[in-house]
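Dear colleague,

Please find below the structure that I am handing over to you, together with its sequence.

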Amino acid sequence: MALTLYVGSKRYSSWSLRPYLALAQAGADFECKTILLDQPDTKAKIGDVNPAGKVPVLHDDRLVIWDSLAICEYVAELYPTAGLWPDDRVARAKARAISCEMHSSFASLRGAMPMDILSKKPGVGHTAEALADARRVQQIWREALDASGGPFLFGKFTIADAMFAPVTTRFTTYGVDMDAQCRAYVDAIAQLPAFRAWYADAEREPKSRE
Ligand SMILES: N[C@@H](CCC(=O)N[C@@H](CS)C(=O)NCC(=O)O)C(=O)O
């Protein structure tokens with residue numbers, strides 16, 4: 001088994017951060033290769049590794065898996081003892097539901113506050129629709145954290161946290177209001193060694209967006 005995860009620029013690629021965290025938290029031995037976004041050859045380079053033309057994409061020898069959530073599911077199956085989904089059936093169902101909601105919703109938040117983990121842009125992108133999305137995200141977090149006691153949504157780190165990690169950075173970048181419970185959750189993600197490694201790599205990348 002030789003796992004290679006192709007990701008977009010670590011500064012900007014929100015979808016890529018998710019499976020990276022899942023693989024790292026599972027203790028997987030994997031190689032991470034970055035394809036810089038916004039370059040003249042970005043499309044061609046992504047096309048070479050993923051017929052669907054997007055990152056992230058995971059290669060496991062000759063098997064190619066694209067889409068962030070599908071990759072996370074595959075990693076959970078490869079490492080069944082890593083606890084990437086909660087053990088409890090009810091908690092697992094909730095973790096899957098909120099992961100799918102994150103994957104398929106919040107278009108206004110994504111559009112108005114794109115991930116840019118190195119920047120601070122307080123107040124930018126605070127449209128009514130984006131703030132409504134942010135309120136729904138925080139409602140999801142509070143419900144899960146109340147039930148589990150934290151520090152992660154289901155107590156220990158799961159794929160649900162991987163799915164929401166990019167939003168935690170958006171809230172920090174764009175100065176979205178949070179209560180203490182949500183702020184502590186954002187901090188818990190920021191302190192993950194895997195997230196810190198991702199952030200350090202992002203600092204070495206060229207800035208390609210304003
Ligand atoms: N639903 C996909 C979305 C992937 C996606 O949109 N990736 C962006 C980067 S964050 C991309 O590949 N953009 C390059 C392009 O569209 O040419 C997933 O979950 O993986």
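Pro151 is placed in the loop that runs between helix 6 (128-148) and helix 7. The peptide bond that joins Gly150 to Pro151 is cis, with omega at about 0°. Please keep in mind that this is a predicted model. Pro56 belongs to the loop between helix 2 and strand 3.

Domains

The domain assignment divides the protein chain into domain 1 (3-82 + 195-203) and domain 2 (89-192). Their centres, taken over C-alpha atoms, are 20 Å apart. In the contact between them, 16 residues come from domain 1 and 15 residues from domain 2. On the side of domain 1 that touches domain 2, the elements giving two or more residues are helix 1, helix 3 (68-78) and helix 9 (193-203). Helix 1 provides the largest share of that side, six residues. Sorted by class, this side of domain 1 holds 10 nonpolar, two polar and four charged residues.

In soluble globular proteins, nonpolar side chains tend to be buried together. The largest nonpolar core here has 58 residues, and Tyr20, Leu21, Ala22, Leu23 and Ile159 have the most contacts inside it. Helix 7 (residues 159-174) contributes the most to this core, namely nine residues. Each of domain 1 and domain 2 supplies at least three residues to the core. Which residues does Ile159 touch, if those up to four places away in sequence are not counted? They are Ala22, Cys72, Ala76, Leu84, Trp85, Ala95 and Ser99.

The ligand

There are 13 residues around the ligand, and Gly8, Ser13, Trp15, Lys54 and Ser68 come nearest. Helix 1 (14-25) and helix 2 (42-49) are the elements that give two or more residues to this shell. Its largest share, three residues, is from helix 1. By class, the shell consists of four nonpolar, six polar and three charged residues.

Strands

Strand 1 (residues 3-8) pairs with strand 3 (residues 57-60) in the antiparallel sense, over four bridges. In this pairing, Leu3 stands opposite Asp60 of strand 3. Strand 3 also pairs with strand 4 (residues 63-66), again in the antiparallel sense and over four bridges. Here His59 has Val64 in strand 4 as its bridge partner. Strands 3 and 4 make a hairpin with two residues between them, and Asp61 in the turn has a positive phi of about 50°.

Individual residues

Two further residues other than glycine have a positive phi: for Asp38 the value is near 70°, and for Phe106 the value is near 65°. Asp38 is in the loop between strand 2 (30-35) and helix 2, while Phe106 is in the loop between helix 4 and helix 5 (107-112). Is each of them buried or exposed? Asp38 counts as exposed because it has 12 C-beta neighbours inside 10 Å. Phe106 counts as buried because it has 20 such neighbours inside 10 Å.

His103 is located in helix 4 (residues 89-104). This residue, His103, counts as partly exposed because it has 16 C-beta neighbours inside 10 Å. Leaving aside residues up to four places away in sequence, His103 touches Leu69 and Met163. The C-alpha atoms of His103 and Phe164 are separated by 9.0 Å, although these residues are 61 residues apart along the chain.

Yours sincerely

Key
Residues are numbered from 1 along each chain as its sequence is written. This is a predicted model: local features need pLDDT of at least 70, side-chain atom pairs count only at pLDDT 80 or more; totals for chains, interfaces and linings use all residues. A residue is near a molecule or strand if its C-beta atom, placed from the backbone, lies within 6 Å of it. Ala, Val, Leu, Ile, Met, Phe, Trp, Tyr, Cys and Pro count as nonpolar, Asp, Glu, Lys and Arg as charged, and the others, Gly among them, as polar. A nonpolar core is a set of buried Ala, Val, Leu, Ile, Met, Phe, Trp, Tyr and Cys residues joined through C-beta atoms within 7 Å. Domain bounds come from an automatic or database domain assignment. Two residues are in contact if their C-beta atoms, placed from the backbone, lie within 7 Å. Two strands pair if DSSP finds at least two bridges between them.
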